[in-house]
Amino acid sequence: SGYLYPIRTYRDFKEVDPGTYFVFAEDMSIRKNERLDCDELHIQFSIAYPKFVNQKVWDDFPFTEKLIWKLEKLLKIAGVEDGDFDTETFDFNEALKDVYFKVQLGHREHNGKKYVQVKNHAKLSETDEKALDAFEQRAF
């Protein structure tokens, strides 16, 4: 799923352990995927819960027939109806910025380096939302 990014982040260089995290879409851009010869949506997520808060993880969503399902799943979680977007004109920032997702993060090795890989995106359940709210209230 997408490109791999080094475990170390530009902020404080802590390794993010594999596991389930709540993240929100913080920054995104459309860029060229040279390997697949297509455009893709590149998203920087920020971890909000339960640990490694404010660490960044990234995922890419290539605009190819075979892989568009991944982006459609993410948009559906954010409340966008199936097929209700055009990759050329859709405002991904408007639809996804600050939306929370439950993700599975794992590690993968490539050329001797360890990388974080986003393995799955899901909608936060009511229980998840309550846990996040309680955590944020304690944190601030």
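This short talk covers the strands, the nonpolar cores and the salt bridges of the structure shown above.

Good morning. The model is predicted, so local features need pLDDT of at least 70, side-chain atom pairs count only at pLDDT 80 or more, and totals for chains, interfaces and linings use all residues. Residues are numbered from 1 along each chain as its sequence is written, and side-chain values use heavy atoms, with hydrogens and water left out.

I begin with the strands. Helices (H or I, at least four residues) and strands (E, at least two) are DSSP runs, numbered from the N terminus. Two strands are said to pair if DSSP finds at least two bridges between them.

Please look at strand E3, residues 38–49. Of its 12 residues, 10 are buried; buried means under 20% relative accessible area, exposed means over 50%, and partly exposed lies in between, with a 1.4 Å probe and protein chains only. Strand E2, residues 19–33, runs antiparallel to E3 and is joined to it by 11 bridges. Within this pairing, Ile30 has Leu41 of E3 as its bridge partner. The two strands form a hairpin with four residues between them, and Asp37 in the turn has a positive phi of about 55 degrees.

E3 also pairs with strand E4, residues 56–62, through seven bridges, again in an antiparallel arrangement. Here Gln44 has Trp58 of E4 as its bridge partner. The hairpin of E3 and E4 has six residues between the strands, and Phe52 takes a positive phi near 60 degrees.

I turn now to the interior. A nonpolar core is a set of buried Ala, Val, Leu, Ile, Met, Phe, Trp, Tyr and Cys residues joined through side-chain atoms within 4.5 Å. The largest such core has 29 residues, and those with the most contacts inside it are Leu41, Ile43, Leu71, Phe92, Leu96, Phe101 and Leu105. At least two residues of this core come from each of E2, E3, E4, helix H1 (68–77), helix H2 (92–96), strand E5 (100–110) and strand E6 (113–122). Which of these elements gives the most to this core? It is H1, with five residues.

Contact means heavy atoms within 4.5 Å. Leaving aside neighbours within four places in sequence, Leu96 is in contact with Ala25, Met28, Leu41, Ile43, Leu74, Leu75, Ala78 and Phe101.

My last topic is charge. A salt bridge is a side-chain nitrogen of Lys or Arg within 4 Å of a carboxyl oxygen of Asp or Glu. By this rule the count comes to seven. Glu40 forms one with Arg31, the closest N and O atoms being 3.1 Å apart. Is Glu40 buried or exposed? Glu40 counts as buried, at 0% relative accessibility, whereas Arg31 is partly exposed, at 29%.

Arg31 also meets Asp60 in a salt bridge, at 3.3 Å from N to O. Because Asp60 lies in strand E4 and Arg31 in strand E2, this pair ties together parts that are 29 residues apart in sequence. Asp60, too, is at 0% relative accessibility and counts as buried.

Finally, Asp59 and Lys70 meet in a salt bridge at 3.0 Å, N to O. Asp59 lies in strand E4 and Lys70 in helix H1, so the pair ties together parts that are 11 residues apart in sequence. Asp59 is buried, with a relative accessible area of 1%, and Lys70 is buried at 7%. As for networks, salt bridges that share partners join Arg31, Glu40 and Asp60 into one. Thank you.
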